[in-house]
Amino acid sequence: MRVTDIQRCEVRPGRLVEWSLSAATVTTAAALPEDSRPPAYLQESHIRTSRSVREGGLFVPTWLGVAFDVPGRVDLDALGDALRRWTLRHETLRSGFRWVGDEMRRFTLDARDVTLHRESVGDFPDAAGLAQHLQDRFDVEADPLGWPNFLYAAVVRDDGASVYMAFDHSNVDSYSLQRVPAEIHELYAAGVERRAVRETPPPGSYVDFCQGEREVADRIDEEHDIVAHWREFIRRCGGGLPSFPIDLGQDPGTLAPQTLMSEMLVDADAAAAFEAYCRPYGGSLIGLLAATGLIAHELDGQTVYRTVVPFHTRAKSEWSESVGWYVGGAPVELAAAQVSDFPAALRTVRDQLRANRRLSRVPLARVLDLLGPDFRPTSPDLYSIVSFVDGRALPGSERWVDWTVRGLIRVSYGTQACVWVNRLHEGLHLASRHPDTDIAHKNMRLYVERLRDFIHSVTAAR
């Protein structure tokens, strides 16, 4: 889906309605005993880093969300029931953490104890004011240091409603969000039509996944070959994880204001041609990474492009429909100054990923713990990324344009540049969160234009 922020997702005026966990649900949660299942390393690192940044005096919202339209006069009872039923399917949304000293301890509600409270907030005649209000609400309600840490909203009009759902990142990843619009539409339609919902097996619990992943990760020590591989990669990066390979006009270790770029990169024909060109080497992800390395060498003289490539960790089918943060990272290096042409760059990146993808199965936060206190994160951005997701096979993706589906990211402060490229039925969409500096504006624009030209040039040569 197209990724943007709440300010650029075409918010329209209307009557705002919110759904949150009810006061009775929150009260029940406060009295729950400890759930022995621990947080995932990724969750714990995210929440601890957020706490450290907050204690340093800076509020850095990190929520993710999704927006989509529901056409026609909206039945708010049916919509609320759809949101409740969807929420109950995913255990992570009724699970949270308490601090006991310096330890994070989980609690988890039983599904029968979870209810949603609906509140009609009022009419918002101004689109910009409504967008700002939604952002402010999500900042407070989808806070990593609080619980509950998600909020649902709908802007209701005579011809339909726009639904907005925001979550702290500890609960969701991009893939989780891309499944939401079709699932809510199906549940809502069933409610309006007074019919039974199609029975499907319940998705696996992310809370269970966290426990299993942590048990495996805890068996790894500082002598493990995966830790050794990361130690050497970090040494070659100069003692830290890699930054974006183009000058952004900012110290990569400094938290500073960021901005967003969001646009179509190429159309469906060019996306298909690029995929066909790259397929013998592993596909579009390989192509984007190879192209980025060559462009960085061209624009900024970078002789070696180093990055961490995000991969999903949904290794078993039970996690395929589960909401959670199923992401690991694998290191990649491309000696851009030494490769003779694009096919050579593609082969290098392919070989690197084949050799290193196994590293993404061990949480990087666990590796950094083993490497020592010098590697504890001090920013929500552990490293820069170039991410690629092909969403065309996801249920309902062919309706994303009709439903005005948007993935939402909160742009506030950061230390890196992150690039997300999504394959849609209509082409490749690119979004980038990067420092709000004149140099970054210029160089990220050059990077995107050069990437677009690069895709057209290699496909035209076929």
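Here are some questions and answers on the model.

Analyst: Quick ground rules: this is a predicted model, where local features need pLDDT of at least 70, side-chain atom pairs count only at pLDDT 80 or more, and totals for chains, interfaces and linings use all residues. Residues are numbered from 1 along each chain as its sequence is written, and side-chain values use heavy atoms, with hydrogens and water left out.

User: Why is helix α11 largely enclosed by the rest of the structure?

Analyst: Helices here are DSSP runs of H or I, at least four residues, and strands are runs of E, at least two, numbered from the N terminus. Buried means under 20% relative accessible area with a 1.4 Å probe, protein chains only. Helix α11 covers residues 364-371 and is largely enclosed because the buried ones number 7 of the 8.

User: Which helices do the buried residues of α11 pack against?

Analyst: Those buried residues include Arg366 and Leu368. Counting contact as heavy atoms within 4.5 Å, they pack against α2 (41-55), α6 (206-217) and α7 (225-236).

User: Which residue in β6 stands opposite glycine 14?

Analyst: Strand β2 (residues 14-21) runs antiparallel to β6, joined by 8 bridges. Opposite glycine 14 stands phenylalanine 124.

Technical notes
Buried < 20%, exposed > 50% of the residue type's maximum accessible area, 1.4 Å probe, protein only. Pairing = 2+ DSSP bridges.
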